[in-house]
Amino acid sequence: MRKVLVLTLCCMLIGVGNIYAALQVKHKWELAGETYYHVYKEPDVMKNKGMMYGLTGSYSYHDNIMLKAEAREAYGEVEYKNSGTMDDVSDFCFELRGLGGYDFSLSDNFILTPYFGVGYRYLNDDSSGKTTSTGAGGYERESNYIYSPLGIEANINMERGWSIGASMEYDIFWRGKQISHLEDANPAFGEVRNTQKKGYGLRGSIKLKKTMEKVDLCIEPFVRYWNIKKSNDSDVTYAGVIIGYGYEPKNNTTEYGLKVGVNF
C-alpha cells in the first residue's frame with residue numbers, strides 16, 4: 001500500500017510539472033519533510049496519540065491565476081487508550097489536494113491569495129495482531145475523507161531575500177467512509193462500513209522563507225484539526241448473522257508540527 005501511494009505521489013508531481021512546463025508559465029516546486037504530533041479522540045470512548053513523520057510535495061502555477069497540486073504521506077506509531085491500553089499501533093496517512101485561486105498584489109511586496117479546491121485524506125490505523133492490556137483484540141481501521149479546502153494565503157517579501165507567509169483554511173467536509181476490519185480480532189466477525197456526513201476541518205500555518213542562489217529554504221510550523229460527527233449505523237455480523245449494529249462515534253483529530261523544505 002505505501003509503495004503504491006509513494007509511486008502515485010511521484011507520478012502526480014512529475015505529470016503536473018510536465019504539463020505546466022510545456023505552457024511556459026511561472027511555476028514552483030516544493031519538497032519538504034514534516035513531523036507532527038497526532039492526537040485522535042473519541043470523547044469518553046478512546047484516544048490515539050503519537051508522533052508522525054512524513055514527506056510532502058507540491059507544484060504550483062502563478063500567473064495572476066493560481067493553480068496548485070499537493071500531496072503528502074506520513075507514518076508513525078501511536079499509543080491507544082480505552083478501557084485498556086496498547087502501544088506501537090501503526091498509523092499511515094496520505095493526502096492529495098487540488099487548489100485554485102487568484103493572486104491579488106496589494107503592494108510590491110504583499111500578495112493575498114484566496115483559494116478553493118478539493119481534497120482526499122486517507123488514514124490507516126492498524127492494531128491487527130495485537131491485544132490491549134485487558135486482552136481485547138486489535139483490528140485495522142481505514143478512514144477516508146472527501147472535502148473542499150476554502151482558505152487564504154498571505155505573503156510579504158522583506159529585505160535580504162527573506163519573506164514571511166501565513167495561511168488560514170476552513171475545510172468543508174463532504175463525506176467520510178470508515179471501514180473497521182473486525183475480522184482481524186475474530187474471523188467470525190464481518191467487516192463494518194460506516195458513512196459520515198457531517199463535520200469540518202481547520203488548518204493554519206506560518207512560513208518563513210530565505211531565497212538562496214538556486215533554491216529557497218523554508219520552515220513552516222502548522223496545525224491541522226478535524227471535528228467529525230457520529231456516523232450512520234451499520235449491521236455487525238457474526239458468522240454471517242446480524243447480531244447488532246455499530247457506528248463511528250463523534251471524534252476530533254489535532255495535528256501540530258513543523259515542516260522544513262526547499263522551493264525551486
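In the hairpin of β2 and β3, which leaves 1 residue between the strands, Asn-64 takes a positive phi near 70°. The model is predicted, so local features need pLDDT of at least 70 and side-chain atom pairs count only at pLDDT 80 or more, while totals for chains, interfaces and linings use all residues. Residues are numbered from 1 along each chain as its sequence is written, and side-chain values use heavy atoms, with hydrogens and water left out.

Now follow the strands on either side of that turn. β2 and β3 are antiparallel and share 15 bridges; two strands pair if DSSP finds at least two bridges between them. One example is Gly-54, whose bridge partner in β3 is Ala-74. The hairpin of β1 and β2 has 3 residues between the strands, and in it Asp-44 takes a positive phi near 65°.

Is Glu-34 buried or exposed? Glu-34 lies in strand β1, and Glu-34 is buried because its relative accessible area is 5%; buried means under 20%, exposed over 50%, and partly exposed in between, using a 1.4 Å probe and protein chains only. Beyond its neighbours within four places in sequence, Glu-34 is in contact with a list of residues that includes Met-52, Gly-54, Arg-72, Phe-222 and Leu-258, where contact means heavy atoms within 4.5 Å. Arg-224 is also one of the residues in contact with Glu-34, and a polar contact of 3.3 Å joins their side chains. A polar contact is a pair of N or O atoms within 3.5 Å; within protein, one must be able to donate a hydrogen and the other to accept it, and residues adjacent in sequence count only if both atoms are side-chain atoms. Glu-34 and Gly-261 are 227 residues apart in sequence, yet their C-alpha atoms are 8.5 Å apart in space.

Another glutamate, Glu-70, sits in strand β3 (residues 65-81). Glu-70 counts as buried because its relative accessibility is 18%. Its side chain makes a polar contact of 2.4 Å with the side chain of Arg-97.

Asn-144 counts as buried because its relative accessibility is 16%. Its side chain makes a polar contact with that of Tyr-120, at 2.6 Å. Leaving out residues up to four places away in sequence, Asn-144 touches several others, among them Arg-121, Tyr-122, Arg-175 and Gln-178.

For a contrast, turn to Asp-235 in strand β12 (residues 234-238). Asp-235 is partly exposed because its relative accessible area is 46%. Not counting residues up to four places away in sequence, Asp-235 touches Val-192, Ile-242, Gly-244 and Tyr-245. The C-alpha atoms of Asp-235 and Gly-246 are separated by 6.3 Å, with the two residues 11 apart along the chain.

Finally, what about the empty space? Rolling a probe the size of a water molecule over the atoms shows where empty space is left. On a 1 Å grid over the protein atoms alone, a cavity is a set of points where a 1.4 Å probe fits but cannot get out; a pocket is an open set with protein on both sides within 12 Å along at least five of seven lines, and lining residues have an atom within 4 Å of a point. Grid points are joined across faces, edges and corners, and a volume is the space filled by probe spheres set on the points.

The count comes to 1 cavity of 30 Å³ or more, and the largest cavity holds about 120 Å³ of space. Of its 16 lining residues, the closest to the centre are Tyr-40, Leu-123, Arg-141, Ser-143 and Gln-178. β7 gives the most to this lining, with 4 residues.

The second largest pocket holds about 550 Å³ of space. Of the 28 residues that line this pocket, Glu-42, Tyr-80, Asn-82, Tyr-139 and Arg-141 are the closest to its centre.

Key:
Helices (H or I, at least four residues) and strands (E, at least two) are DSSP runs, numbered from the N terminus.
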